[in-house]
Amino acid sequence: MAEIIDLYTVDREHTGKTAKRGEPLEDGTYRMVVHVCIFNSKGEMLIQKRADDIVRWPSYWDVSVGGGASAGDTSREAAERETAEELGLHIDFSDRRPVITVNFSDGFDDFYTVEADYSLDDLHLQTEEVSDAKWASREEIEAMIDDGSFIPYQKDLLGYLFFAREGRGTWNL
């Protein structure tokens, strides 16, 4: 059964309409996606390897968590749900805001950062979507982008996420 998603206006207001995930959207409507980047006290990011048979980016390494918001989800609820589903971690996002929102052709992508020293043994991977996980430095992730094993995010975006992991914003005050 196809998952149902909410549709939004260009101003990120809910239209009251829904669509099936993966189907083309009506012109002028947008969907919401979330990513969670978990960092440890060494400044490494927890990254996950996407399952071999997943539709988008199979067998690529990715940031800690990523997924679409389901109908009825707020951004924070989607981040919380996706983190629990993909990694088995229960993190409270009720007081968190995305550190950055990236617009793409048919949606909004909210990136959250979390600092926590989880052991890989703490993870319970959702094998339908995630085949592996490990900690990696910014340099290691950038090398993986270069060798084609990591989803080809802009390195500047990843650099900002590493910078913003400590709750820093755009100004050095």
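In which sense do E4 and E9 pair, and over how many bridges? The two strands pair in the antiparallel sense over 6 bridges, where pairing requires that DSSP finds at least two bridges between two strands, and strands are DSSP runs (E, at least two residues) numbered from the N terminus, as are helices (H or I, at least four). The model is predicted, so that local features need pLDDT of at least 70 and side-chain atom pairs count only at pLDDT 80 or more, whereas totals for chains, interfaces and linings use all residues. Residues are numbered from 1 along each chain as its sequence is written, and side-chain values use heavy atoms, with hydrogens and water left out.

| Partner of E4 | Sense | Bridges | Residues facing each other |
|---|---|---|---|
| E9 | antiparallel | 6 bridges | Lys49 and Asp132 |
| E5 (residues 61-62) | antiparallel | 2 bridges | Gln48 and Asp62 |

Strand E4 (residues 45-50) is largely enclosed by the rest of the structure, because 5 of its 6 residues are buried (under 20% relative accessible area; exposed is over 50%, partly exposed in between; 1.4 Å probe, protein chains only).

His35, found in strand E3, is buried with a relative accessible area of 8%. The side chains of His35 and Tyr153 are joined by a polar contact of 3.3 Å (a pair of N or O atoms within 3.5 Å, one able to donate a hydrogen and the other to accept it within protein; residues adjacent in sequence count only if both atoms are side-chain atoms).
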